[in-house]
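This report examines a few individual residues and their surroundings. Please consult the sequence and the structure shown here before reading on.

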Amino acid sequence: MPGTEATRCERRCVLPFEALPSELRPLRRAVVAQLGQWGVPVACEEAELVVTELATNVIKHVGEGASATLVLELKDRRLRVEMYDRSRSLPALRSADCDAECGRGLHMLAAMALDWGAIGTAVGKAVWCEISPGSQMMCRRVERAVVALENYQTGSGMALDGRPREAAFEESVIELIADLLHWTSMCGRDPDDVLDQAQRHFEAEREAA
């Protein structure tokens, strides 16, 4: 299970753990407990998703039982999550239908994070991301959106074709919205009214966050 003697210095927490499926739940619990001590429990659900994805990647691509370290740091209204392991292979975003290393989880991580990246270290690498402590609702919406877009890309046969990932994803967003408006019209609703309602809903939730 995650190291019980976590190193803490103000709002920084270091949790060593073994990369095993059975260790994911104790690791998430340790994260939730730490965020509760820091007084930011609203970030727990989003942090659990991020930690699960980062730890699962270590299990899949470094190996079960590998030594890894999770670091949490809260500063400047951002929660920074860092995962250290002994592999020098850096993750990279590619199209949604590529191999598991570049699959749905990494796209979701990039979509929900304020910022993210990966760097080499003296003994391996660190993958990090920063999230907003108050964006739990946005996290769920981003997760659903990424899943919907990836399924849409697969069903429509859309591919990157050498274009940047962001451009391909933006095209998918536009095409999906257009399809939904066609469906709305077929159901006898005014697409403009639906867009207005969605925009108001989006602005209200963004303001609340």
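With a relative accessibility of 39%, L195 counts as partly exposed; buried means under 20% relative accessible area, exposed over 50%, and partly exposed in between, with a 1.4 Å probe and protein chains only. L195 belongs to helix 6, residues 191–208. Helices (H or I, at least four residues) and strands (E, at least two) are DSSP runs, numbered from the N terminus.

Together with V173 and I177, L195 forms a nonpolar patch on the surface, with about 210 Å² of accessible area in total. Patches consist of residues with over 30% relative accessible area and no salt bridge, where like charges are joined within 9 Å and nonpolar side chains (Val, Leu, Ile, Met, Phe, Trp, Tyr) within 5 Å. A salt bridge is a side-chain nitrogen of Lys or Arg within 4 Å of a carboxyl oxygen of Asp or Glu. Accessible areas come from the Shrake-Rupley method with a 1.4 Å probe; for residues, only the protein chains shown count as cover.

## Basis of the model

This is a predicted model: local features need pLDDT of at least 70, side-chain atom pairs count only at pLDDT 80 or more, and totals for chains, interfaces and linings use all residues. Residues are numbered from 1 along each chain as its sequence is written, and side-chain values use heavy atoms, with hydrogens and water left out.

## V51 in helix 2

V51 is part of helix 2, residues 44–61, and is buried, at 1% relative accessible area. Leaving aside residues up to four places away in sequence, V51 touches L27, V31, L70, V81 and M83; contact means heavy atoms within 4.5 Å.
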